[in-house]
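Please work through the exercises below with the sequence and the model side by side, trying each task before reading its solution.

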Amino acid sequence: MPIGPARMPLMEHLGELRMRLVRIVVCLLVAICIFYLATPTIMEFLTLPISDFIDGGLIALDPFEAFAVRFTVALWASIVACAPVILWQLLAFFLPALKPSERKWFIPTFAAAVALFIFGTVFCYLIILHPAFQWLTDQAAGMMTIDARANSYIDIIIKFELAFGFAFELPLIVFYLVIFDIVPYKKLRGMWREIYVGLLILCAVVTPDASPVTMILMFAAMAVLYEGSLLLARVALARRIKRQNERLAAEEAENEEMMEEFRELRARRQASDD
């Protein structure tokens, strides 16, 4: 798909944006029509990890709920399937604003973002959904009977998949914090305690079930991804990290020199006052 020139009049930029949005909408509409017909198969696949907690199948309380659930499943399946097209159209619109040295990261960023999102959803599907629903259904033990409402169950599954899909973009964020020198590698490495606490809080917020099991599993996955991304950055950006460390060392030495001069000046002032 073509990428526009860096400099265009405002109306041409708006025209290009409209063209890319139209492509996204058309792609989604076609995908929704296809996935709407395939919704029974998709729902069977989505609920496979939690089949132990669905007795007699999913329940819809009225015809409108059945339609709403089917359309919701088709919509989210279309968004996931069209994610490469959506990301490409959005990134390609902003690409001309980047410098030539920054454009070389466009394709790797695009590929990594899609791969990490898919990896996060697969991890959630295979590892998270079953223990999460087990914890949720256990809360009703001896007190309530749970009806497997299609609307609620599908909504929870989609929230889980999206939460883990976006959470697994962490390595990309860390990599670009280092490469664009927003946060130096040395600081990211040295602030691991604060970052781990932040990841714990993030996991507690984004997990839909507020389950300690789900939160710990997500935190463990994100901690591994964080450490892996730092290792990748250290290997791939060794020269850049070396320059960052040299600059930080120079800044620390300059600050120390200024503090030493300040202490000497204060000592002289105190001596003259005495």
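The exercises that follow concern charged side chains in this predicted model.

**Exercise 1.** Find which residue forms a salt bridge with E65, and determine where in the chain the two partners lie.

Solution. Begin with the distance criterion, by which a side-chain nitrogen of Lys or Arg must lie within 4 Å of a carboxyl oxygen of Asp or Glu. The partner that meets it is R149, whose closest N and O atoms with E65 are 2.9 Å apart.

**Exercise 2.** Decide whether E65 and R149 are buried, partly exposed or exposed.

Solution. Buried means under 20% relative accessible area, and exposed means over 50%. E65 has 6% relative accessibility and therefore counts as buried, while R149, with a relative accessible area of 29%, is partly exposed.

**Exercise 3.** Describe the salt bridge between K159 and D155, including its setting in the helix.

Solution. The two side chains meet with an N to O distance of 3.2 Å. Because K159 and D155 are four residues apart in helix 7, about one helical turn separates them. As for accessibility, K159 is partly exposed at 45% relative accessible area, and D155 is likewise partly exposed, at 35%. By the rule used in the first exercise, the count of salt bridges comes to two.

**Exercise 4.** Identify which residues form a negative surface patch, and locate E257.

Solution. The patch is formed by E254, E257, E261 and E264; of these, E257 is placed in helix 12 (residues 238-273).

Conventions
Residues are numbered from 1 along each chain as its sequence is written. This is a predicted model: local features need pLDDT of at least 70, side-chain atom pairs count only at pLDDT 80 or more; totals for chains, interfaces and linings use all residues. Side-chain values use heavy atoms; hydrogens and water are left out. Patches are made of residues with over 30% relative accessible area and no salt bridge: like charges are joined within 9 Å, nonpolar side chains (Val, Leu, Ile, Met, Phe, Trp, Tyr) within 5 Å. Accessible areas come from the Shrake-Rupley method with a 1.4 Å probe; for residues, only the protein chains shown count as cover. Lys and Arg count as positive and Asp and Glu as negative; His and the chain ends are not counted. The place of a charge is taken as NZ of Lys, CZ of Arg, CG of Asp or CD of Glu. Helices (H or I, at least four residues) and strands (E, at least two) are DSSP runs, numbered from the N terminus. Buried means under 20% relative accessible area, exposed over 50%, partly exposed in between (1.4 Å probe, protein chains only).
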